[in-house]
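We will go from stop to stop, picking something and looking at what surrounds it.

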Amino acid sequence: MAVDTSRPAEPAGDAHRAPGRARKPGSTAHGTPGRLRRALSTHWYAWAMVAPVVVVIGLIVGYPLGRGVYLSLTDADESNVERTIGVNHIPATYDVVGLDNFTAVLEDGVFWDRLIWTVTWTVSCVGITFALGLGLAVLLNRQFKGRTLYRSLLILPWAVPAFVSVFAWRLLYNEKNGILNKILDGGGIDAVPWLNDPTMAKVSVIAVNVWLGVPFMLVALLGGLQSIPGELYEAAEMDGASPWQRFRHITLPGLRSVSSTVVLLSTIWTFNMFPVIFLLTRGGPGDSTEILVTYAYRLSFVNSPRDFAGASTWGVLILIILMLFAVVYRRSLRKQGEVW
Amino acid sequence: MRRGIAATALVAALALAATACGDGDDKKQNKSSGEISGTVTYWDTSNDAEKATYKKLAEDFTKKYPKVKVDYVNVPFGEALNKFKNAAGSGGSGAPDVLRAEVAWTQDLANIGYLAPLDDTPALDKQLDYLPQAMASTKFEGKTYGVPQVIDTMGLFYNKKMLDEAGVKPPTTLTELKAAAKKIKEKTGKTGLYLRGDDAYWFLPFLYGEGGDLLDVKAKRVTVDDESGVKAFAAARDLVESGAAVTDATDGWENMQNAIKNGDVAMTINGPWAIEDTLGGKAFKDRSNLGVVPIPAGSGGQGSPQGGHNLAVYAGSDNLDASYAFARYMSSAEVQAKTTEALSLLPTRASVYNKPEVASNANVKFFRDAVDKAVERPWIPEGNSLFQAILVEFPGVLTGKTSPEDAAEAVGKAYRKLLKDDWK
């Protein structure tokens, strides 16, 4: 704490300055250059490096987002948007209708039904995945024979493309010819209508999503566990802390920064988990397993003419819900002293 | 979970790449004079049992027009409409020149402007030879947007041996069907009927059988929630509840075909497109074991929907002349006779029915009569979407979770929302 080394001594700097880089005589007469200009002239290379990323992000994130918000304020559908068919060009004929789409959606029971199920689905998926992931991570954090093998096996679901897993599960779940029911049949148990009964279908889709999500939780939490210093446990043991107390007061606080991140991420992913629901049940039976995103898909890709405005409205609402969630979640973390 | 994002990014990147390089195709602008040349990309939606025959026939087009190259692509039926819209809507790169479009898609695609009108083009020849019902499905706002390729409707497929064993005759009404199913259960231990619960098309015979309809297009009125609609849902539910039928809310096609092919059920409701596939099952090693009779009647008589496929030409095709010629060829009497012979599909040309090899096919003869009585579906752009609302309610009704009244009301409500203001 003796000398401030952050700034070189002024006189030395001036003495060594090359003549060409000397301060221009007139610069003080026009006043000091603005902060922005100075920042630009000092960091122009940084800006130049960042520019392509900014442009690309603007193109692939910003434009669709802005377009989606705009469409949600119009009555655009497939038959009135601008389109080019071969040599023919048909101009757009849709109108801006303001917030009509939003009032229509919010007044409709369908949205609230789907929202309730989407929240249920997200909370149960994330909760179960987190609990299982934590349990397995704690197990695999001990020294035992074949640990690497177990670890690799548990990561396996992550290595298989999601749609392949989902199709495999669909074969397992088939009520008439599926393996699950064949096994139950062997045990003398009646066939379970895995995907044909609304309640069972909900349980089934959650199970598949948990299966797909556990490896991610496991890896993240295992990393977190390994960053907790062993001395803490030793000290606690010396003080006579029980295993539960050690878990409660060392492991959980030590994992907090990792777990808060993975919970936030997996909440957002699960909320928008299109492939599992769509490929497994197509939202069925009826619409009992349909979450908000699969419904938005139905509006814009299944109905004819495709309802772009309606689907965008749902999309914007999903975005708002997730943003609200992220803000509230961050606030609550900040209160606990976490910063990310 | 994380791969969700990666996959999205990948799809986005591929889409960009596809649009960037999609325009450099090798299709040559066709000169109006002289012989037709170029490439015709044809999207066929026929099923696994049918596609080899169609591929062969499509490629035989080059025998007539040696300078034309046919690019045959089999697109699964369930994905074809979306794929076509995606391709055609994004400036047309990757869209086919000719599409085999289900009858309900024709008006939808014509409404958006994706299809070339075919009136006064070589695609439509000997128009009067086409069955009038088939021709009706090609019209939109006074113009013709398709060439009828096949026509179909539904009937009751049954396993002759199983019905003989149970000592019952093929049922003609739903009441007889229930009685027959009960006897089949007693005698053979098998279920009477497989009723698909995951496709709204399979609801239509019940609706028409009660004398109802989805819409009254002329009066612009939604009719599915009338008394007949409620009765139709009730009739379908009764079959499942009484044990006469089994059903599924997912994988219905696969489970239905497995069930009839393996002899686990005695009857299914299906159309001519399933004949070839069904005959491939072990229960039908003796092909004559498969019988087809008209759909069992409800309280309002027998009724089944008219279906089929039209050949539609993409408005943005680089090679319209070759596309018209190809559409004409694929629906010519000669090609239709061949698909009938190989696959028992129903021709759309009246003259083909007189050919000896067609006239001697019992299944075709049967379905020909059935088509005459089949109910035409509403030929409107939203025709295909009408199925969605039914599909949401149908499984609930079949499993007893939704009452027929609630289901009919919900479907009616969804239709009014879909069809907008000028419908009642």
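Start by selecting A:Thr281: apart from neighbours within four places in sequence, A:Thr281 is in contact with A:Leu195, A:Val205, A:Val276, A:Thr289 and B:Thr250, where contact means heavy atoms within 4.5 Å. A:Thr281 lies in helix 11 of chain A; helices here are DSSP runs of H or I with at least four residues, strands are runs of E with at least two, and both are numbered from the N terminus. Is A:Thr281 buried or exposed? A:Thr281 counts as buried because its relative accessibility is 4%; buried means under 20% relative accessible area, exposed over 50%, and partly exposed in between, with a 1.4 Å probe and protein chains only. Show the side chains and you will find a polar contact of 2.7 Å between those of A:Thr281 and A:Thr289. A polar contact is a pair of N or O atoms within 3.5 Å; within protein, one must be able to donate a hydrogen and the other to accept it, and residues adjacent in sequence count only if both atoms are side-chain atoms.

A word on the ground rules: this is a predicted model, in which local features need pLDDT of at least 70 and side-chain atom pairs count only at pLDDT 80 or more, while totals for chains, interfaces and linings use all residues. Residues are numbered from 1 along each chain as its sequence is written, chains are lettered from A and ligands numbered from 1 in the order in which they are written, and side-chain values use heavy atoms, with hydrogens and water left out.

Next, pick A:Ser204, which sits in helix 8 of chain A. A:Ser204 has a relative accessible area of 1%, so this residue is buried. Its side chain reaches the backbone oxygen of A:Met200 at 2.7 Å. Not counting residues up to four places away in sequence, A:Ser204 touches A:Tyr173, A:Trp194, A:Leu195 and A:Leu280.

Now zoom out to the whole of chain A, with its 13 helices and two strands. Of its 340 residues, 36% count as buried. Colour residues 115–329 of chain A, which an unreviewed UniProt entry annotates as "domain: ABC transmembrane type-1"; such annotations may be inferred rather than shown by experiment, and positions follow the numbering used here, with feature names shortened. This span is 78% helix and 0% strand, and its end C-alpha atoms lie 19 Å apart. The UniProt record also marks "transmembrane region" stretches in chain A, including 44–65 and 258–280. Residues 44–65 of chain A are 100% helix, with end C-alpha atoms 29 Å apart, and residues 258–280 of chain A are 91% helix, with end C-alpha atoms 31 Å apart.

Bring chain B into view. How many residues of chain A are in contact with chain B? There are 44, and they meet 41 residues of chain B. About 3,400 Å² is buried between chain A and chain B, 47% of it from carbon and sulfur atoms; buried area is the accessible area (1.4 Å probe) that two parts lose on being put together, summed over both. Highlight A:Ile85, A:Trp269 and A:Ser304, which supply 17% of the area that chain A buries against chain B, more than any other three residues.

Stay at the interface for charged pairs. The count between chain A and chain B is four salt bridges, each a side-chain nitrogen of Lys or Arg within 4 Å of a carboxyl oxygen of Asp or Glu. One of them joins A:Asp108 to B:Lys417, with the closest N and O atoms 2.6 Å apart.

Finish at B:Val40, in strand 1 (residues 38–44) of chain B. B:Val40 is buried, because its relative accessible area is 0%. The C-alpha atoms of B:Val40 and B:Val68 are separated by 7.1 Å, although the two residues are 28 residues apart along the chain.
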